[in-house]
Amino acid sequence: MALRPKSESVKFPEFTTELCHILSTLVEIDKRTDLEKPEHLVITSANDSKHKPDSKHYKNQAIDLRSKSFKTEADKADFMAALAKALGPRYTVIYEYPGQVNEHFHIQLKRGL
């Protein structure tokens, strides 16, 4: 499996149904050969670091995934579309801070659910 945390600082204090769905979907997407992906999908944050006070991260319903390791913007867009489709309508995938040092994909259960 090529899904891994960036370091021991990535914390998973509870594996909720939502978090398990996100992680298992990432594992399945990683197996696809029709998408250009980096060798490793790297989780940069779960229920750790600083997020907005009402963040789904603190409810164990969101993760951040490194996007800078994708070769092109087209690869990022294709990955995001495939991931969003595989996750289903209850989840959202957001490309945050494109082109900046803290660029990443944010994946979470949609607000209000």
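Author: Gladly! Let me begin with residue classes: Asp, Glu, Lys and Arg count as charged, Ala, Val, Leu, Ile, Met, Phe, Trp, Tyr, Cys and Pro as nonpolar, and the others as polar. Please keep in mind that this is a predicted model.

Reader: How do the residues lining the largest pocket divide into these classes?

Author: The lining holds 11 charged, 11 polar and 3 nonpolar residues. The pocket itself has a volume of about 560 Å³. Of its 25 lining residues, His51, His57, Asp64, Glu96 and His104 are the closest to the centre.

Reader: Which strand gives the most to that lining?

Author: That is E5, with 3 residues. Strands E2 (41-45), E3 (62-66), E4 (91-96) and E5 (104-109) are the elements that give two or more residues.

Reader: Why are H1 and H2 called oblique to each other?

Author: Their axes cross at roughly 130°. Angles over 145 count as roughly antiparallel and 65 to 115 as roughly perpendicular, and H1 and H2 are therefore oblique. Their crossing is right-handed.

Reader: What makes up the contact between H1 and H2?

Author: From H1 come His21, Ile22, Thr25, Leu26 and Ile29, which meet Phe79, Ala82, Leu83, Ala86 and Leu87 of H2. By class, this contact has 8 nonpolar, 2 polar and no charged residues.

How values were computed. Residues are numbered from 1 along each chain as its sequence is written. This is a predicted model: local features need pLDDT of at least 70, side-chain atom pairs count only at pLDDT 80 or more; totals for chains, interfaces and linings use all residues. Side-chain values use heavy atoms; hydrogens and water are left out. Axes are lines fitted to C-alpha atoms, for helices over the stretch in contact, and angles run from 0 to 180 degrees between N-to-C directions. Helices (H or I, at least four residues) and strands (E, at least two) are DSSP runs, numbered from the N terminus. Angles under 35 degrees count as roughly parallel, over 145 as roughly antiparallel, 65 to 115 as roughly perpendicular and the rest as oblique. A crossing is left-handed if the near helix is turned anticlockwise from the far one by less than a right angle, and right-handed if clockwise. Contact means heavy atoms within 4.5 Å. On a 1 Å grid over the protein atoms alone, a cavity is a set of points where a 1.4 Å probe fits but cannot get out, and a pocket is an open set with protein on both sides within 12 Å along at least five of seven lines; lining residues have an atom within 4 Å of a point. Grid points are joined across faces, edges and corners, and a volume is the space filled by probe spheres set on the points.
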